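This report walks through one protein model, from a single strand pair to the whole chain. Please look at the sequence and the structure first.

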Amino acid sequence: METDYKMTIGLEIHAELKTKSKMFCGCANVPLERTPNIYACPICMGHPGTLPVINKEAVRKVLLVGSAVGGNLADYTEFDRKNYFYPDIPKGYQISQYKFPLVSQGKISNINLTRIHLEEDTARSTHETPGASLVDFNRAGVPLLELVTEPEIHSADQAMNFAKELQLILKYLDVSDANMEKGEMRVEVNISVAREGERGTKVEIKNINSFRAAGRAIEYEFKRQSDLLKRGESVIQETRGWNEGKQATISQRKKESAHDYRYFPDPDLPKLIISEVEEFKKDNLKKLLPELPNEKRSRLLKDFGIKAEDIEVYINNENTGKFFEEVSNELKDKELIKLASNYIVSDLSGLSKNSEDNLLGNVTKNDFVKLIKMIKVGDLSSRGAKDILKAMFEDARDPEVIANEKGLIQKNDVEEIKKLVEKILGENPEAVREFKSGKESLLQFFVGLAMKETKGSLNPEVFKKILLEYLK
Ligand SMILES: [Zn+2]
């Protein structure tokens with residue numbers, strides 16, 4: 001049975017760093033530029049006799065990520081040449097880090113990291129022109145962070161959660177836009193499948209360009225490898241690509257091992273002693289750390305006591321989180337804050353289903369605070385509140401004005417409601433008798449009459465309470 005098998009996953013994640021210039025030359029760092037080959041120079045094109053220069057900002061950004069995840073920052077570090085031939089790698093080698101990465105260890109979402117190092121991105125090849133392959137060097141030499149985890153992930157969900165959390169951290173630190181669809185963040189999965197206590201064969205999956213694809217690819221590969229093992233066949237160590245159209249992994253090539261790359265320290269680049277550079281010192285890096293996703297989670301829970309699902313919305317959507325906090329600071333009362341959070345997460349997000357970036361539409365803080373207070377004192381039914389919120393979303397307006405226009409203010413005047421109760425009871429003596437003899441379902445009948453009488457502008461809860469006092 002498939003359940004006899006266990007998968008073990010390690011992740012290798014690349015993220016393009018946001019810097020002004022490329023990793024080793026002065027070319028602008030614009031990897032998504034559509035006009036090909038406008039950001040290229042003799043250095044990133046690998047011409048003989050040129051000399052690379054290390055981008056300080058890129059090193060600082062990797063060290064910043066290292067500090068954020070509790071990693072050990074190297075004191076001594078160096079760059080190595082990773083030798084292989086491919087048209088997208090003009091020098092015949094990629095400058096990367098091998099023995100002395102900038103960061104080792106650290107932890108994200110309870111998964112241990114092996115290392116975080118810095119390297120340069122490759123050019124982009126396209127094979128769309130018949131009979132030819134084209135290479136665009138705008139991306140060649142863009143600073144690339146590579147993060148490697150320990151092989152201690154055992155499910156697709158765990159892998160996706162890890163990648164999402166890393167993406168958040170990179171965004172919070174403002175070191176990368178980390179958009180997977182745009183290729184700014186790329187996830188490679190190393191997965192092996194074996195019976196408990198046994199060792200499987202490692203298969204690498206590439207070409208994953210969304211979190212969803214990562215999850216699918218892992219599930220697919222788990223099943224493929226389990227099926228092979230069940231039939232008594234063996235899994236081949238290889239690199240496979242995720243094919244979105246086929247929803248399958250396809251064999252690409254046999255995996256190279258590290259010694260095939262003939263790594264050696266790049267003789268053109270100086271070794272770095274991190275502690276000698278002022279900006280790289282631990283204390284200086286610490287000063288630059290913003291509030292990180294996990295710290296924000298704890299603070300939102302502690303300060304506002306809201307649901308974990310709500311907190312995730314605020315963690316993932318900066319503007320909505322800011323709006324929630326501004327509203328909460330105005331409302332102060334915990335009950336009101338929970339109510340506000342419900343309306344933000346359930347109702348506003350329902351209205352903005354077409355745009356994840358703008359959950360708030362045209363709703364302003366002051367109008368929203370006013371709306372929540374109106375709901376709380378019972379001026380509005382929840383149906384009415386939703387209608388008003390929709391109007392506010394489309395067009396920034398005062399909820400009270402909208403409520404009056406639409407006749408949505410509920411009647412809460414106790415004296416007035418008492419009169420209404422007396423009128424309804426007087427007109428329905430038969431129903432009153434039946435209610436008193438135990439037919440409690442008639443309560444809804446009375447509420448219905450009252451709502452009809454007031455054309456829906458009554459607060460049904462207040463009415464019920466007063467009605468029951470009369471009937472006792
Ligand atoms: Zn260049």
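Gly-241 stands opposite Ile-250, a residue of strand E15. Strand E15 (residues 248-254) pairs in the antiparallel sense with strand E14 (residues 238-243), over 6 bridges. Two strands count as paired if DSSP finds at least two bridges between them. Strands here are DSSP runs of at least two residues (E), helices are runs of at least four (H or I), and both are numbered from the N terminus. The hairpin of E14 and E15 has 4 residues between the strands, and Gln-247 takes a positive phi near 50° there.

The model is a predicted one: local features need pLDDT of at least 70, side-chain atom pairs count only at pLDDT 80 or more, and totals for chains, interfaces and linings use all residues. Residues are numbered from 1 along each chain as its sequence is written.

A further group of strands forms an open sheet of 3 strands in the order E5-E4-E16, with antiparallel pairing. Strand E5 (93-96) and strand E16 (264-265) are at the edges with a single partner strand each, so one side of each has no neighbour in the sheet. Strand E4 (residues 80-83) runs antiparallel to E5 and is joined to it by 4 bridges. Asp-80 has Ser-96 in E5 as its bridge partner. In general, strands of a sheet pair through backbone hydrogen bonds, either parallel or antiparallel.

Glu-276 lies in the loop between strand E17 (272-273) and helix H4 (282-288). Glu-276 counts as exposed because it has 9 C-beta neighbours inside 10 Å. The scale counts other C-beta atoms within 10 Å, with C-beta atoms placed from the backbone: 20 or more is buried, 12 or fewer is exposed, and in between is partly exposed. Between the C-alpha atoms of Glu-276 and Ala-450, 174 residues apart along the chain, the separation is 80 Å.

The protein as a whole has 15 helices and 17 strands, and 33% of its 472 residues count as buried. Its domains, whose bounds come from an automatic or database domain assignment, are listed here.

| Domain | Residues |
|---|---|
| domain 1 | 2-286 |
| domain 2 | 293-406 |
| domain 3 | 414-471 |

The centres of domain 1 and domain 2, taken over C-alpha atoms, are 39 Å apart. The C-alpha atoms of the protein fill a box of roughly 100 × 55 × 50 Å along the principal axes. The radius of gyration of the protein is 31 Å, whereas a compact globule of 472 residues would have one near 23 Å. That radius is taken over C-alpha atoms, and the globule rule is 2.2 Å times the number of residues to the power 0.38.
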